[in-house]
Amino acid sequence: MATIPGDLPYIPAYEAPPTYLNVAHTVRSWLLTKDHKRIALLYLFSITFFFAIGGVAATIMRVHLLAPAGLLVEEMTYNKLFTMHGVIMVWFFLIPSIPTTMGNFLIPLMIGARDLAFPKLNLASWYLFMAAGFFILLALLLGGVDTGWTFYTPYSSRSSNTYVTLAVLAIFINGFSSILTGLNFIVTIHTMRAPGMTWFRLPLFCWSHYATSLVMVLATPVLAITLALVGIERVFKVGIFDPAIGGDPVLMQHLFWFYSHPAVYIMILPAFGVVSELVTCFSRKRPFGYEFIAFSSLAIAMIGFLVWAHHMFVANISIYAGMAFSLLSFLVAVPSAIKVFNWTATLYKGSVALDTPMLCALGFIGLFTLGGLTGVMLATLGFDVHVHDTYFVIAHFHYIMVGGSVIAYFGGLHFWWPKMTGRMYNEWAGRIAAALIFLGFNLTFFPQFVLGYLGMPRRYHSYPPEFQVYNVLSTAGASILAVGYALPFFYLLWSLRYGRLAGPNPWRATGLEWQTTSPPPKDNFEKIPVVTEEAYAYYKLAPQGMAALGSVAAAEARETGGGES
Amino acid sequence: MAEHKEHVVPPRVYASVLVALMALLVVTVCVAFFDVDQFTRAHHLGTGWNTAIALAIAVTKAVLILLFFMHVKYSSKLTSAFAAAGFVWLGIALVLIMSDYLTRNHPPGVNPRGEPKYVLPPPPASDRPALGQQPGSPGHYH
Amino acid sequence: MAEDVLTPEHSLVAHQFEDAGQQREASRLGMWAFLSTEILFFGAVFVAYAVYRLRWPDDYRQGSLELKWYLGAINTAVLLLSSFFMALGVHASELGQNSRLIRNLILTIVLGSLFLAIKATEYYLEYEDGLVPGASFRMEPPPEEAGSGFARAVKSFERAISRAPKGQGEVARRTRAEEQFMVFYFIMTGIHATHMVIGIALLCVLVWMARRRKFSAAYNNPVEITGLYWHFVDTVWVFLFPILYLLRNP
């Protein structure tokens, strides 16, 4: 407990304190580690790799679409590109992104535990993830898959001659990695909280990860078995979803979306958690309506299971079911809106500091709102029939997933980077990257709303000439976005060696994770802390001058005065 | 996390549960060979009773196993909640998927009893269409 | 009996836990969370089965009629009995009675293996009957005198116990939808059997651990959570048996 900056014992500069990073240096110590913090870093490397692959596929597509007839690739290659982009970005980046890196790293720190409840399962989950990654890369190298990330039958069972079975196997294995992560979080948050850490003292990050984990545990098995059935149908040539021999392809869509719609919440709920932390820290305020933010996460997780058929409005489902699903889909907007309003209210009269993580958080709030509202439009039966399978849908879910999840991921990464590595990155580089990502993102995807509204269908490798101007705008935006994504890769690596030492609490944030050293020792805390207050006791810092606490520059000034590390 | 004394269930309870389970097994097999619907139709009680009884007995058996063999009766509320969650979510899947299938393609008045009827063409006598060939004419429903 | 009771010093608390109580709670909750995953893993196939059964009621009923209900019933009894012995094993471990624990675990393993043996026999008979979907599925039931000696013996046994024997009008020409029923039959029982194999492997590990005196009244988490898993697999069969074998009436 006694690790508030001022109280640190004097440590000579040449004697590096023991951290989880320097406790052992062999490759073996990394590959067999059961430390949640090291596993988080293993995941960080892995998903960065997959993010790059998915990004390359997207870049090729965007360049290809510069001209109406297409510039680069053949039709079939284009199909394989969007399939790979979707599969890799969804299952190998977005779903594991925040939970397996920040969730793994932070949940034990935030609740005051030495590790997750099941460290071996945690490592097993990474190995499963890597096994799945191996199979998906194998499918890619052997020639790719052309069904789209949704694996709809009969594309995936009868029509495709590509490596569908291999890809399906990869996602099946990946599912179990995801289940193990979720299960670990649930048990950890239930049973491993430090003394005094009640549910309503939990950071909102933990609440949203708890909700995410419930979705992972309850939805993922359905995807696993559905894709297993597709694989069985393909390999044994029996009629499960094939209409010619008694099957029903729409049933496959039902089962697929029973997972894949809640999967959207697996991607966005952790982002909500990150943004809740960022907004409070950089407004120097406790969150407005803590309980509402906490319970709205659970509400989203729950209602998120009742809406899936809005992906199937034009698949000849019953009109009555369509109406019910449309209404239920509107309901999800309520808890989502509660969150947006609460973040905004937290900003109100806060002492807002525009550091890199906060820039990401503010970008998130705006982009998520736009993505969410277009989601309500799409949930409307009549409107959906017109824009179904157009770029309007593409733009909508990229606003949620890229404008939401990925920006929150970058925000969180910048926020907790000093905790993970002990070093500060260059603040101005960070701000420039955040601004580029925001601008590039909007330029990429806003024109796609227009494109979709005008009727350009998704998954086509060519288009009529009148759509060219929007496609060129979009590709221009994508190039800015690519620069924005590449920048952090360089300055974050640079910071590992040359970055200023961060100290335990560079942002002057509250919360248990900031009360241990940076990087934390192997067992997180010298002694398990006893919690006596909420995670957001920013009002306690107020007498020292709220404004002075906000920005990094101010913190730096304090540090030089304080003589820390 | 104060450790409290774990509840130890006496073997007598397990034995009684086993006897009940075996009895239910015998009942469900016997009912399967008896056309309950003949009786219920005569008394205007509807049809589908064989299925309903078989499922009710299965649910009873499962509840007995969960409560006693799996100690849910003696466990914390949290355990019961997780035990229930799987079934509740399965119920969500079943109800919402059926909400589509049971109300499909029925303009009001056409098929008021809501019984979808599907017809497949008779299979070709020789072999099935291989993968990659043109699929045969799909089943249609009316 | 007294020397059989182990002392609590054998308890093992992993470093991330504060005490044995927390560890027990965590492992129990972890297993229950895993079982809720399993419910949906099996459940999705149940839902698909329900959709198709409603769509092709006659074909699916004919499929049920072609299954060996008596083997399914015997297997249900075997599995329920194995669950009983598993429960007794957990009971023994709660009291720290090591040899009684080992005895009950071995009985559970034996009954579980018996279940798999009967299931394999059933699969073989279905293969002889031309009921395995895919290339070996036959649209006409094979004639009575076809097949191996064992299959013929089973058929004459069936004639003896059944009022309306097969081949005399009840099972006529098979249909594609009946083949689909068999697909679901093999997938559902196959996944279940896979879980049984995993369960038996876990029980063997428990026996090995118990012989090395790893368990005591204070530390029996592995026995307890393996028991939960075993009972769950049993519960799945409790549903599989009626919906596959017993829905025989129109």
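The contact takes 44 residues from chain B and 48 residues from chain C, where two residues are in contact if their C-beta atoms, placed from the backbone, lie within 7 Å. This is a predicted model: local features need pLDDT of at least 70, side-chain atom pairs count only at pLDDT 80 or more, and totals for chains, interfaces and linings use all residues. Residues are numbered from 1 along each chain as its sequence is written, while chains are lettered from A and ligands numbered from 1 in the order in which they are written.

On the side of chain B that touches chain C, the elements giving two or more residues are α1 (11-32), α3 and α4 of chain B. Helices here are DSSP runs (H or I, at least four residues), numbered from the N terminus. The largest share of that side, 13 residues, comes from α4(B). By class, the side has 34 nonpolar, five polar and five charged residues. Ala, Val, Leu, Ile, Met, Phe, Trp, Tyr, Cys and Pro count as nonpolar, Asp, Glu, Lys and Arg as charged, and the others, Gly among them, as polar.

### Helix α4(B)

α4(B) has 25 residues and reaches 35 Å from its first C-alpha to its last, close to the 36 Å expected. The expected span is 1.5 Å times one less than the number of residues. The helix bends by about 25° at A85(B); the bend is the angle between axes fitted to the seven residues ending there and the seven starting there.

The buried residues of α4(B) include F82(B), W89(B), L96(B) and D100(B). Buried means 20 or more other C-beta atoms within 10 Å of a residue's own, with C-beta atoms placed from the backbone. What covers the buried residues of α4(B) includes α7 (204-236), α8 (249-283) and α10 (319-347) of chain A, α3 of chain B and α1 (20-55) of chain C.

R508(A) lies in the loop between α15 and α16 of chain A. R508(A) counts as buried because it has 20 C-beta neighbours inside 10 Å. H71(B) lies in the loop between α3 (49-69) and α4 (77-101) of chain B. H71(B) counts as buried because it has 21 such neighbours inside 10 Å.

| Cis peptide bond | Omega |
|---|---|
| T153(A) to P154(A) | near 0° |
| S518(A) to P519(A) | near -15° |

P154(A) is in the loop between α4 (119-142) and α5 (155-159) of chain A. P519(A) is in the loop between α15 (468-498) and α16 (546-550) of chain A.

Conventions. Buried ≥ 20, exposed ≤ 12 C-beta atoms within 10 Å, placed from the backbone.
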